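Work through the exercises below with the sequence and the model open. Try each task before reading its solution.

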Amino acid sequence: MPVADALVLNHVNYRDYDRMVTLLSPTLGRVDAVARGCRKPKSPLMNATERFSAGEFSLVEAGGRYTLSSCRITESFYPLREDFDRLTAGAYLLHLLLLAAQPGQPCQELFLTALQALAYLAYGQLPIPMVVMGFELHYLALTGQAPRVDSCLRCSRPFVQEASVLDVAGGGAVCAACARVGRPLSHGARRILLRVPQTRFQSLEKLPGHPDWPEAARHTRRFIQYRLDRPPRLWPELPQGGESPSRDDGNA
């Protein structure tokens, strides 16, 4: 009987008292398991099958299918359920994880990053859009979709301190000499797009007060929106602030 650390990404009720639960495990990847009888009164598995629950899950495998037999919950991120904006952001994170997780593919770093982001959303004081941006950038890097912003997509000239243009469809930044479409990208915002996924998630704590993080958050959202096959039901709010004028890019 394998025991796996896991985070509940989703559940679907079926029959009278059962649930199909989708878990994210750092060692097993995505796991779909049946929790039999979990919706009966006083079932010890009821809380273990709620979204955002994290802990040690005991699984029984038979014929390639898993059944959840018990769970020791270590974190539920309960404050997310008490605030609509935090809940929306948390649900969005779970949606991204559902799209990325694959059965049998370990995802240790993605799992730990998800737990860190949910902890900041539930208990931290950082602005919600900043935490979401941080997770989006780490997520893109861990899934091999990070924007290329260290050098021009077209001429490969490294950026120094100049402003550039973000070509969402092309996959990164383009220098002013090569730019044909895209939205203006300041040097400060470009550095955030470059550095955040290269550092620990906790490094977000250095960003409050940085004048360019709202711009970086908006660019990150455009980038990820372009690449999602299935958009979430609700998008988390972006930071308030003025929008830079844009070129007619058709890909934003």
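Two strands count as paired if DSSP finds at least two bridges between them. Strands (E, at least two residues) and helices (H or I, at least four residues) are DSSP runs, numbered from the N terminus. The model is predicted, so to speak with care: local features need pLDDT of at least 70, side-chain atom pairs count only at pLDDT 80 or more, and totals for chains, interfaces and linings use all residues. Residues are numbered from 1 along each chain as its sequence is written, and side-chain values use heavy atoms, with hydrogens and water left out.

**Exercise 1. The barrel**

Task: find the order in which five strands close into a barrel, then trace its pairings.

Solution. Step one: the order is E1-E2-E3-E5-E4, and the pairing is mixed. From one strand to the next, the twist averages 45°. Angles here run from 0 to 180 degrees between N-to-C directions, and axes are lines fitted to C-alpha atoms, for helices over the stretch in contact.

Step two: take the parallel pair. E3 and E5 are joined by two bridges in the parallel sense. Val34 has Thr67 of E5 as its bridge partner.

Step three: take the antiparallel pairs. E1 and E4 share five bridges, with Ala6 opposite Gly55 of E4. E4 and E5 run antiparallel and are joined by nine bridges.

Step four: check the turn. The hairpin of E4 and E5 has two residues between the strands, and Gly63 takes a positive phi near 60° there.

**Exercise 2. Helices on the barrel**

Task: which strands does H1 lie across, and at what angle does H1 run to E1?

Solution. H1 lies across E1, E2 (18-25) and E3. Its direction is at about 100° to E1. Next, H2 (residues 108-123) packs on the sheet and touches E1, E2, E4 (54-62) and E5. The direction of H2 makes about 70° with that of E1. Contact means heavy atoms within 4.5 Å.

**Exercise 3. Helix against helix**

Task: classify the packing of H1 with H2, then that of H2 with H3.

Solution. Start with the rule. Angles under 35 degrees count as roughly parallel, over 145 as roughly antiparallel, 65 to 115 as roughly perpendicular and the rest as oblique.

H1 and H2 pack at about 170°, with axes 10 Å apart. That makes H1 roughly antiparallel to H2. The H1 side of the contact includes Arg86, Leu93 and Leu97, and the H2 side includes Leu110, Leu118 and Tyr120. By class, the contact has eleven nonpolar, one polar and one charged residues. Ala, Val, Leu, Ile, Met, Phe, Trp, Tyr, Cys and Pro count as nonpolar, Asp, Glu, Lys and Arg as charged, and the others, Gly among them, as polar.

H2 and H3 (residues 128-142) have axes that come within 10 Å and cross at roughly 175°. H2 and H3 are therefore roughly antiparallel to each other. Among the residues that meet are Glu109, Thr113 and Tyr120 in H2, and Ile128, Phe135 and His138 in H3. This contact divides into ten nonpolar, two polar and one charged residues.

**Exercise 4. The open sheet**

Task: which strands are at the edges of the three-stranded open sheet?

Solution. The order is E7-E6-E8, with antiparallel pairing. E7 (172-174) and E8 (183-185) are the edge strands, and each pairs on one side only. E6 (residues 164-167) joins E8 through three bridges. Val165 has Pro184 of E8 as its bridge partner. H5 (residues 213-227) lies across E6, E7 and E8 and runs at about 135° to E8.

**Exercise 5. The pockets**

Task: which element gives the largest share of the lining of the largest pocket?

Solution. Define first. On a 1 Å grid over the protein atoms alone, a pocket is an open set of points where a 1.4 Å probe fits, with protein on both sides within 12 Å along at least five of seven lines; lining residues have an atom within 4 Å of a point.

The largest pocket is lined by 16 residues, with Arg51, Ala91, Tyr92, His95 and Arg233 nearest its centre. H1 gives the largest share, eight residues. The lining has ten nonpolar, three polar and three charged residues.

For the second largest pocket, the lining counts 13 residues, and Met20, Asp32, Gly64, Arg65 and Tyr66 lie nearest its centre. E3 gives the most, four residues.
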